[in-house]
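Me: I'm new to reading protein models. Could you walk me through a few features?

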Amino acid sequence: MVKDRIRKWLASAGYVVFNTRARGGYARDGLFTWHDHRFQDDPAFRAAYARGVQAGAGVDPRMEWRVHVALWAARAAARAPGDFVECGVNAGFVSSAIMQRLNWSQTGRSFYLIDTFSGPVLAQYSRKEIERGRGRLAEEALSRGAYVTDLERVRANFAEWPNVKIVQGAVPGVLPSLGIGRVAFLHLDMNCAYPERAALEYFWDSLAPGAIVLFDDYAYFGHDAQAEAILLAAASLGAEVLSLPTGQGLIVK
Ligand SMILES: C[S@@+](CC[C@H](N)C(=O)[O-])C[C@H]1O[C@@H](n2cnc3c(N)ncnc32)[C@H](O)[C@@H]1O
């Protein structure tokens, strides 16, 4: 067969050829790779991912690799002192997975979950973002109910963890009123450049050494205005962002 001949030729040329038929590639959420994705078989990962899906009323967004990165980042951040913060929570998919994985009630930390719970703030989109269709996409997402506005549903989801602080408000305006001290983990997922940059700048001095900032959409297709804003902010803070093939971005303080 032609495929077998190609495989033999690649192997003889020194390439490592995996038996992709046995495992299959990973092709979803904007990421296609033949690389090993056995993290999905780990029972701890599966339980955390399932808890995330539960938060989203059973809807699986099929973003396993992004969650894998988020869980790794949260566990690494848990070696640093401080609270956890997420700006852009929606139904709590990623934050629920993290709390399940970290056995959150036992951590002695608070997890601040900050969201308007009424969707993105359309006035915060820049002209460039509007031109690139981000405002329209946000409006469409709002009208089809993709953003959670039922705060009671959100509270019910997080009720199992007493050390969670659900905050309804717009970033960055709401931040100074929260009195958040040292931060170990900051997850930014607001799909909008202005509040993400402002949140990074606001929290920078509060981040403990070893703290992690995870951007959900830093390198994600169609989110270039966020990447540009975060790059500028990071440069002025003396930080460097690791661009990940999942579309996320990562800073270790
Ligand atoms: C992509 S969703 C977050 C997804 C979430 N991290 C998850 O795990 O499913 C984006 C969220 O950001 C919120 N948001 C957008 N702009 C905001 C702002 N300026 N302040 C607070 N929340 C905002 C929206 O209401 C929306 O719920």
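Me: Okay, how many disulfides does the structure hold?

Reply: Keep in mind that this is a predicted model. To call a disulfide, you look for two cysteine sulfur atoms within 2.5 Å. Here the structure holds zero of them.

Me: Now helices. At what angle do helix 3 and helix 4 pack?

Reply: You compare the directions of the two axes, and 65 to 115 degrees counts as roughly perpendicular. Helix 3 (residues 43–55) and helix 4 (residues 64–77) pack at about 105 degrees, their axes 11 Å apart. That's why we call this pair roughly perpendicular.

Me: Which residues meet there?

Reply: From helix 3 you get Phe45, Ala48 and Tyr49, and they meet Glu64, Val67, His68 and Leu71 of helix 4. Sorted by type, the residues of this contact are five nonpolar, one polar and one charged.

Me: Last one: what is Ala138 in contact with, beyond its neighbours within four places in sequence?

Reply: Ala138 sits in helix 7 (residues 134–143) and is buried, at 3% relative accessibility. Leaving those neighbours aside, Ala138 touches Pro120, Leu122, Tyr125 and Tyr147. Take Pro120: it's 18 residues from Ala138 along the chain, yet their C-alpha atoms are 6.7 Å apart.

Terms used. Residues are numbered from 1 along each chain as its sequence is written. This is a predicted model: local features need pLDDT of at least 70, side-chain atom pairs count only at pLDDT 80 or more; totals for chains, interfaces and linings use all residues. Side-chain values use heavy atoms; hydrogens and water are left out. Axes are lines fitted to C-alpha atoms, for helices over the stretch in contact, and angles run from 0 to 180 degrees between N-to-C directions. Helices (H or I, at least four residues) and strands (E, at least two) are DSSP runs, numbered from the N terminus. Angles under 35 degrees count as roughly parallel, over 145 as roughly antiparallel, 65 to 115 as roughly perpendicular and the rest as oblique. Contact means heavy atoms within 4.5 Å. Ala, Val, Leu, Ile, Met, Phe, Trp, Tyr, Cys and Pro count as nonpolar, Asp, Glu, Lys and Arg as charged, and the others, Gly among them, as polar. Buried means under 20% relative accessible area, exposed over 50%, partly exposed in between (1.4 Å probe, protein chains only).
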